[in-house]
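Visitor: Please take me through one part of this model closely, and then show me what lies around it. Keep it brisk, and give the cut-offs as you go.

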Amino acid sequence: MREGLEFAREQLIGKHSVIGAEIGVYRADNAIEMIKEWPELKELHLVDSYVSGIIQYRQAALKIYALREDPQYKRRVYWHVMTHHLAAQRFPNGLFHFAYIDDDHQFFAVLDALYTWIPKIRTDGVLCGHDRWQGGVNRAIKSFNELYGDVILNGGEDNRDWWFVVTDEIKDITADAIRGTTLYGLHR
Ligand SMILES: C[S@@+](CC[C@H](N)C(=O)[O-])C[C@H]1O[C@@H](n2cnc3c(N)ncnc32)[C@H](O)[C@@H]1O
């Protein structure tokens with residue numbers, strides 16, 4: 001599994017019914033790996049609006065429907081084909097143990113995803129994501145770290161993944177930013 005997800009698994013050790021989300025699913029390759037390699041992952045919500053295209057949608061559909069035929073995975077995988085902003089409205093705050101962000105890698109989109117999904121993660125759960133090396137992702141993480149004090153950790157050697165533990169403090173300061181009482185990201 002990817003490094004951010006390995007970090008989440010370590011952080012969640014001892015939990016037997018992990019609820020997670022992947023934002024940006026594409027052909028569902030990472031999703032399939034996650035559900036097959038993480039037995040404690042009991043509920044995986046897959047969110048993608050398929051701006052990537054109909055071919056990727058069809059490829060994902062074949063794999064996700066095949067999983068749903070398999071009694072081992074049948075009730076563990078849910079597919080939300082819509083923008084992640086709309087999908088987020090389907091879930092109560094604090095539901096998820098982790099979310100893996102891998103959708104739009106532009107600066108403001110990444111910031112947006114951070115602010116959208118932090119409230120959905122339970123205290124001491126994990127927010128993680130992919131493509132740390134990409135310009136927009138990198139800048140969004142830098143901005144967030146500058147505001148909140150280096151909360152987001154860099155990826156491993158290849159700098160692919162990023163991750164952090166969603167503490168009560170982070171939840172509070174992002175809630176303030178969403179309300180408009182503190183800064184939302186940085187404009188750089
Ligand atoms: C990099 S791919 C995901 C790859 C996948 N996580 C993997 O590792 O195999 C990005 C996906 O994000 C989706 N996407 C982009 N913007 C989105 C948005 N606002 N809401 C939901 N999905 C989005 C695209 O349709 C695309 O399929």
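Guide: Start at isoleucine 55, which lies in helix H3. The model is predicted: local features need pLDDT of at least 70, side-chain atom pairs count only at pLDDT 80 or more, and totals for chains, interfaces and linings use all residues. Residues are numbered from 1 along each chain as its sequence is written. Helices (H or I, at least four residues) and strands (E, at least two) are DSSP runs, numbered from the N terminus.

Isoleucine 55 counts as exposed because it has 10 other C-beta atoms within 10 Å. The scale is simple: 20 or more other C-beta atoms within 10 Å of a residue's own make it buried, 12 or fewer make it exposed, and anything in between is partly exposed, with C-beta atoms placed from the backbone. In general, nonpolar side chains tend to be buried together in soluble globular proteins. Now compare sequence with space. Isoleucine 55 and tryptophan 38 are 17 residues apart in sequence, and their C-alpha atoms are 27 Å apart.

Next, the helix in its unit. E2, H3 (residues 54-69) and E3 form a right-handed β-α-β unit. E2 and E3 (residues 77-80) pair in parallel over four bridges. Strands count as paired if DSSP finds at least two bridges between them.

Valine 18 stands opposite leucine 41 of E2. From E1 the chain crosses through H2 (residues 29-37) to E2, and this β-α-β crossover is right-handed.

The loop between E1 and H2 holds tyrosine 26. Its phi is positive, about 55°, although tyrosine 26 is not a glycine. Tyrosine 26 is partly exposed because 18 other C-beta atoms lie within 10 Å.

Now turn to H1 (residues 3-11). Glu3, Gly4, Leu5, Phe7, Ala8 and Arg9 are buried there. Their cover includes H2, E4 (96-101), E5 (121-129) and E6 (162-166).

E5 and E6 run antiparallel, joined by five bridges. E6 is mostly covered, with four of its five residues buried. Leucine 127 stands opposite phenylalanine 164 in E6. Beyond its neighbours within four places in sequence, leucine 127 is in contact with Ala99, Ile101, Trp117, Ile118, Ile121, Phe164 and Val166. Contact means C-beta atoms, placed from the backbone, within 7 Å.

Leucine 127 also features in the nonpolar core. The largest core has 46 residues, and those that touch the most other members are Phe98, Ala99, Trp117, Leu127 and Cys128. H5 (residues 107-117) gives the most to this core, with six residues. Such a core is a set of buried Ala, Val, Leu, Ile, Met, Phe, Trp, Tyr and Cys residues joined through C-beta atoms within 7 Å.

Two loop residues remain. Leucine 95 sits between H4 (84-88) and E4. Leucine 95 counts as partly exposed because it has 17 C-beta neighbours inside 10 Å. Leucine 95 and threonine 123 are 28 residues apart in sequence and 9.7 Å apart in space, C-alpha to C-alpha. Aspartate 150 is in the loop between H6 (135-148) and E6. Its phi is near 50°, a positive value in a residue other than glycine. Aspartate 150 is exposed, since 12 other C-beta atoms lie within 10 Å.

Technical notes: Right-handed = clockwise from strand over helix to strand, strands pointing away. Contact = placed C-beta atoms within 7 Å.
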